[in-house]
Amino acid sequence: MSRIVYVNGAFVAEEAARISVFDRGFLFADAIYEVVGVVGGKLLDYDGHAARLRRSLDALSLASPLDDADLLALHREIVSRNRLDEGLIYLQISRGAADRDFAYPMKADPTLVLFTQAKAVLANPKVETGIAVVLVPDLRWARRDIKTVQLLYPSMAKMEAARHGADDAWMVEDGLVTEASSANAHIVDRAGTLITRPLSEAILHGITRLSILDIARGMGVAVEERAFSPEEAKDAAEAFITSATSFALPVTRIDGNPVGDGRPGPITRALRQAYIVAKLQTAI
């Protein structure tokens, strides 16, 4: 049975979904997106994702086709129509269809698309083994704080990791780690301090990142928001990534070198479990 997807006001079978060839998301990557995790048919950290969506729209002067209440109702409806128990909802808003021109069209109706994807986010086998990452140069555009669909280079970085037998890539700029291909990067030093890059235009303002940092502080874990080097990462006691569907996922190898003892660390495990408990209690 095919999924039901949402396209510009209509729920349709995925095979029947259509977008104009003149859509600026297709021609210029003139679009933003969000991903919301789903567990037990409920939305995790939804308010944070909705707020970031508005921020991305404002940053690109994109109009939202729906208000906040209707957008939440739409998320709930697509979960219901697809009987999604665990996985994610992908949402994308482009500037809409117009004749190809680098200048923004003054009057274009935005294109809104949502679809669901079933995925085991709780019972992720990588939680027990951790993931391996490789370091690659960060060649993305400078405004990484805007969640745009300009994802070609992160895709290339992920493929480079796969060529080295790794799961993901950590990107490096000016000698410092920025983030993973689709997640924020964190380390725990040998003194037990959680270190992660501060918010700026250089990284995505991760919703899960924010929640994990709040949880860490509540658990009494020292948190230092600063950039760290690849050398610090390789010498760390623990490392992990955060995202909407990975939560806190251990990194156990960097460029083939084990992080700590090469196993998921206790602080990462504790943060992941605390995040799951907290977010299941507040899921909507």
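This is a predicted model: local features need pLDDT of at least 70, side-chain atom pairs count only at pLDDT 80 or more; totals for chains, interfaces and linings use all residues.
Biologist: Which residues of H3 make the contact with H2?
Modeller: H2 passes H3 in a right-handed crossing. From H2, the contact uses Tyr46, Leu53 and Arg54. Facing them from H3 are Asp68, Leu71, Leu72 and His75.

Biologist: By class, how many charged residues does the contact of H2 with H3 have?
Modeller: Four residues in that contact are nonpolar and one is polar. The charged residues there number two.

Biologist: His75 came up in that list. Is His75 buried or exposed?
Modeller: His75 sits in helix H3. Leaving out residues up to four places away in sequence, His75 touches Val36, Leu43, Tyr46, Ile89, Leu91 and Leu114. Buried means under 20% relative accessible area, and His75 has 3%, so it counts as buried.

Biologist: On to the inside of the protein. Which residues touch the most other members of the largest nonpolar core?
Modeller: As a rule, in soluble globular proteins, nonpolar side chains tend to be buried together. The largest nonpolar core here has 24 residues. Those touching the most other members are Ile32, Leu43, Leu112 and Leu114.

Biologist: And which element gives the most to this core?
Modeller: The elements giving two or more residues are strand S3 (31–39), H2, H3, strand S5 (86–94) and strand S6 (111–118). The top contribution is five residues, and it comes from H3.

Biologist: What is Leu43 in contact with, leaving aside neighbours within four places in sequence?
Modeller: Leu43 is one of the core residues that touch the most other members. Its contacts include Val36, Gly37, Val38, Leu72, His75, Arg76 and Val79. The list also has Ile89, Ala283 and Ile284.

Biologist: How many residues are in the other core that lies apart from it?
Modeller: Val177, Ala180, Ala239 and Leu249 are among the members of that other core. The count for this core is 20 residues.

Biologist: How many nonpolar residues does the contact of H6 with H8 have?
Modeller: On the H6 side you'll find Thr208, Ser211, Ile212, Ile215 and Ala216. They meet Leu271, Ala274, Tyr275, Ala278 and Lys279 in H8. Two of the contact residues are polar and one is charged, while the nonpolar ones number seven.

Biologist: Now some backbone. What is phi of Ala29 near?
Modeller: Ala29 is in the loop between helix H1 (24–28) and S3. Its relative accessible area is 22%, so Ala29 is partly exposed. Its phi is positive in a residue other than glycine, at near 55°.

Biologist: Asp174 has a positive phi too. Is Asp174 buried or exposed?
Modeller: Phi of Asp174 is about 55°, although the residue is not a glycine. Asp174 lies in the loop between strand S8 (168–173) and strand S9 (176–180). Exposed means over 50% relative accessible area, and Asp174 has 76%, so it is exposed.

Biologist: Which residues does Ala108 touch, not counting residues up to four places away in sequence?
Modeller: Ala108 is in the loop between S5 and S6. At 21% relative accessibility, Ala108 counts as partly exposed. The residues it touches are Arg95 and Ala97.

Biologist: Last one. How far apart in space are Arg83 and Gly192, C-alpha to C-alpha?
Modeller: Arg83 is in the loop between H3 and S5, and at 78% relative accessibility it counts as exposed. Arg83 and Gly192 are 109 residues apart in sequence. In space, C-alpha to C-alpha, the separation is 42 Å.

Key: Residues are numbered from 1 along each chain as its sequence is written. Side-chain values use heavy atoms; hydrogens and water are left out. A crossing is left-handed if the near helix is turned anticlockwise from the far one by less than a right angle, and right-handed if clockwise. Helices (H or I, at least four residues) and strands (E, at least two) are DSSP runs, numbered from the N terminus. Contact means heavy atoms within 4.5 Å. Ala, Val, Leu, Ile, Met, Phe, Trp, Tyr, Cys and Pro count as nonpolar, Asp, Glu, Lys and Arg as charged, and the others, Gly among them, as polar. A nonpolar core is a set of buried Ala, Val, Leu, Ile, Met, Phe, Trp, Tyr and Cys residues joined through side-chain atoms within 4.5 Å. Buried means under 20% relative accessible area, exposed over 50%, partly exposed in between (1.4 Å probe, protein chains only).
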